[in-house]
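This report concerns backbone geometry, nonpolar cores and salt bridges. The sequence and structure are shown first.

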Amino acid sequence: MELRHLRYFVTVADEKNFTRAAERLNIAQPPLSRQIQQLEEELGVVLIEKGSRPLRLTEAGKFFHAHAQELLDKAADLKAMTQRVGKIDRKFAIGFVASTLYGLLPEIVRRFRERYQTLDISFHELATIEQIQALKEGRIDVGFGRLKIEDPAVRRVVLREEPLIVALPAGHRLSKTEGPIRLSDVTQEALLVYPKQPRPSFADQVLAIFRERMLFPQKVIEVRELQIAIGLVGAGQGVAIVPKSLQGMVRTDVVYKTLDDPGAVSPIIFSVRQMDRTPELVNMLEVIYEIYDELGISHVKHVL
Ligand code: BEZ
C-alpha cells in the first residue's frame, strides 16, 4: 500500500463518484478503479458498497478514510517541515505570544543575534495554538507560548513556570492593601481576560485557575489582546490576571500586586518541530539557560 492508494481512495470517498475523482486526480477512470480494487484486495476488505450511487463507504471504508486522511495530512506536514529544516537561506522565524515581549524575549534575541550576526531573524505574533500550525507548515522555526498543547509533530520544552500577578486600576481598594492579594478577593471584580480568539488561550488558563479553586468571578469580560486588557484596567473597567513580567509595562493608571497563591503560574513553552536539532535552536536554548542562570531563575535544563 502506497501513499498514492490513500490519495486515490480519499478523493473517491470525498467526491462519492469515480468520474469526478478521476478528473480531480488527473487520471483516467479505469486505472483509478483498478487501484481501488487492488487496495481492497490487499486489505482483504470491502471499502465501498458495491453498486451504490452516490458511492457509500462500508464501516471499514469509513474507518480507513479517517485514518488515510490523517496520514496524508501528516505526509504534507512532513514535506513542509523537512523543506524548512533543510533550507539553505539564513532565515530564522520566531513565533511568540505578546506577553513574552515583556519578559526575557528581547534580551534572548539580543544575545542570540551576537552569535548569529548575519542571520535574518523575523518575528511573528501568534497565539500558542497558531504556533503549532505555523511550525508544521514551516512558517516559523521556534515558538514561545503559554499553553501545553499536545501534537506529535511538535516538541515542547517548559522553560519555566512564571508567577501570575493581578493588574488593578490605580486607586482601587485592593491596590492599597499591604502584601499579596488572594484570588478570592478578585472574584468580586469584573475580570478582563485575553485573548478572545483563538481558543484555547491564556484566557482559559486564567479561568481554569479560578475554577480549580472553586472560585467563580462574578463578571468576565473577554478582550482581543493583552494591551486592551491593561488599557481597560487603567480605565477602571476591571482587573486582569497577567504574567509577572508585565510589571515591566509601567503605567501611571495601573498597579500590579502579587498573588498569595504559589500555584497561580503560567508556563513559558519553547516549541520546535519534533527531531529538529538545527544549531540555531540548540544555541537559542543555551542562550535562554545562560540568562536564567545569570538572573537566578529556577528551571530544569533540557537538551534538544
Ligand atoms: C522568559 O521570560 O523566561 C522567556 C520569554 C521569552 C522566551 C523565552 C523565555
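## Salt bridges

A salt bridge is a side-chain nitrogen of Lys or Arg within 4 Å of a carboxyl oxygen of Asp or Glu. The model is predicted, so local features need pLDDT of at least 70 and side-chain atom pairs count only at pLDDT 80 or more, while totals for chains, interfaces and linings use all residues. Residues are numbered from 1 along each chain as its sequence is written, and side-chain values use heavy atoms, with hydrogens and water left out.

Across the whole structure, 31 salt bridges are found. One of them links Glu70 and Lys74, at 3.7 Å from N to O. These two residues are 4 apart in helix H4 and therefore separated by about one helical turn; helices (H or I, at least four residues) and strands (E, at least two) are DSSP runs, numbered from the N terminus. Relative accessible area defines buried (under 20%), exposed (over 50%) and partly exposed (in between), with a 1.4 Å probe and protein chains only. Glu70 is partly exposed at 45%, and Lys74 is partly exposed at 45%.

Glu150 pairs with Arg156, their closest N and O atoms lying 3.3 Å apart. Glu150 is exposed at 66%, whereas Arg156 is partly exposed at 29%. Shared partners also join Glu107, Arg110, Arg111, Arg115, Glu286, Glu290 and Glu294 into one salt-bridge network.

## Nonpolar cores

A nonpolar core is a set of buried Ala, Val, Leu, Ile, Met, Phe, Trp, Tyr and Cys residues joined through side-chain atoms within 4.5 Å. The largest has 35 residues, of which Leu191, Ile230, Ile241, Val242 and Tyr256 touch the most other members. Elements giving two or more residues to this core include strand S4 (154-169), helix H9 (226-234) and strand S7 (239-243). H8 gives the most, with 6 residues. A second, separate core of 27 residues includes Leu159, Ile268, Leu285 and Tyr289.

## Backbone geometry

Most residues other than glycine have a negative phi, and most peptide bonds are trans. The Arg53 to Pro54 bond is cis, with omega near -5°; Pro54 is in the loop between helix H3 (29-43) and helix H4 (59-85). Tyr194 and Pro195 are likewise joined by a cis bond, with omega about -15°, and Pro195 is in the loop between strand S5 (190-193) and helix H8 (202-212).

Asn26 has a positive phi near 65° and is exposed at 73% relative accessible area. Met214 also has a positive phi, about 55°, and is exposed at 62%.
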